[in-house]
Amino acid sequence: MIRWSILLLLALAGSLAAAESFRFDNVRVVDAERGAVSSPTTLHVRAGWVVAAERAEADAVVIDGQGRFVVPGLAEMHAHVPPMRDAQRVDDVLRLFLAHGVTTIRGMLGEPGHLQLRAELAAGQRIGPRLITSGPSLNGTSVPDRDAALLRVRQQAEAGYDFLKLHPGLMPDTFAAIDRAADALGMVHAGHVSLAVGLEHALSARQATIDHLDGYAMVLVPADHPARSREPGLFGFNLGDALDFEAIPHWTVRTAEAGVWNVPTQTLVENLAVGDAEALQQRPAMRYVDAVTAANWAARVEQMQGAQPRERLARFVEGRRLLIRALHQSGAGLLAGADAPQIMNVPGDALHHELQLYVDAGLSPAAALKTATANVAKFFEQPGYGCLAPGCVADLVLVEADPLADIAHLRRIEGVMRAGRWFDRAELDAMLDDIAARAQAQSPD
């Protein structure tokens, strides 16, 4: 046996990347599904899978966990992968996700190059999370009518994309054509709820996920309220003062009955609606963002807040938090997604902010953790992910403290494993330092 302490592992950064078998000694395994933590135990990994002790290899690399906690790898269910023409940016985004414990991402705006990227990540030829990708979005411009919808759905299914991404501007008949064609070809559609389509139609069609809680604000405005004639704005930002909170339970129960999942991206909304632009720019993770991008993000925050009464925006955020809690209480599925990289949302870091907001909305740390682990496995019908029992894919995060006691403990990462490849703290730090250096080099003096 080879036995190293964590301190020695840090001194030998990267030396374990090619090893196929590991033994994590003295670790406490976090069961996200049950919301439980094991007594100190041993976790065996072989060929990218968690295995039982009798299948472990005698010459496995041994990592002394020193009583730390092992958590299933996290999933970011509303991610954006940059265009492949910017190869360095793609690599930086993928590594930012991984360094923050994210081992699965659902890319919400795909392109042909992302199909090859998905294969390279699966083969271990590129460093980064597992990628599940949509194709180019279906919207009022790309699919203006039923024939165009049928064509695009068939093309994307045959190209091998994992799902269809919906953007605004779809008409009801076009949405219906997408839905029928997707069902016929074994695809699902996910994303926005177009204003002309509406939430009820999306629920009836069993849209796989509604992202951003899109469509809910519109149905929460009473039929006789003057705001019904108001342009709702992004996700319903303009309707905050008109929301009827008492109508929330009806729609959350309806969502649960329809079996539709939600990806809130609450951190994006709170950044825009109530975030302090200066304070947001001072977050430690903003060192991975170049100055021009950071300034553009700050301008978007100030623009949004300057266009709305402060009280309307605050009430909009309050209503969304109540909606998140009610969806959970109603049994409607929630999946963690922050929409990164987007306004003040740094890949990986933003997911931790998102999980904290779920706790702030009333979920327990265990329930919040499930939205990024066990719930994701259930959504994809892939029970081999989001778990750490024998027979699970070895996607895991080693953290210093119990995330079920405080969700913020998920940030205290000692190492990340993606499909059996181990990245210790020193290797993660080196990746992050390289990204920060590139961001600073792009910033004007």
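A crossing of two helices is right-handed if the near helix is turned clockwise from the far one by less than a right angle. In this predicted model, the crossing of helices α4 and α5 is right-handed. Helix α4 spans residues 146-159 and helix α5 residues 172-184; their axes come within 8 Å and cross at roughly 30°. Angles under 35 degrees count as roughly parallel, and α4 and α5 are therefore roughly parallel to each other. On the α4 side, the residues involved are Arg 146, Ala 149, Leu 150 and Val 153, which meet Asp 173, Thr 174, Ala 177, Ile 178, Arg 180, Ala 181 and Ala 182 of α5. Sorted by class, this contact of α4 with α5 comprises seven nonpolar, one polar and three charged residues.

A further helix pair is formed by α9 (residues 266-274) and α12 (residues 310-330), which pack with their axes 9 Å apart at an angle of about 165°. With angles over 145 degrees counted as roughly antiparallel, α9 and α12 are therefore roughly antiparallel to each other. The crossing in which α9 passes α12 is left-handed. Helix α9 contributes Gln 266, Val 269, Glu 270, Ala 273 and Val 274 to the contact, while α12 contributes Leu 313, Ala 314, Phe 316, Val 317, Arg 320, Arg 321 and Ile 324. The contact of α9 with α12 consists, by class, of eight nonpolar, one polar and three charged residues.

Technical notes:
Residues numbered from 1 in each chain as written. Predicted model: local features only at pLDDT ≥ 70, side-chain atom pairs only at ≥ 80, totals over all residues. Heavy atoms only, no water. Axes fitted to C-alpha atoms, helices over the stretch in contact; angles between N-to-C directions. Helix = DSSP H or I, 4+ residues; strand = E, 2+ residues; numbered from the N terminus. Parallel < 35°, antiparallel > 145°, perpendicular 65-115°, else oblique. Contact = heavy atoms within 4.5 Å. Nonpolar A, V, L, I, M, F, W, Y, C, P; charged D, E, K, R; others polar.
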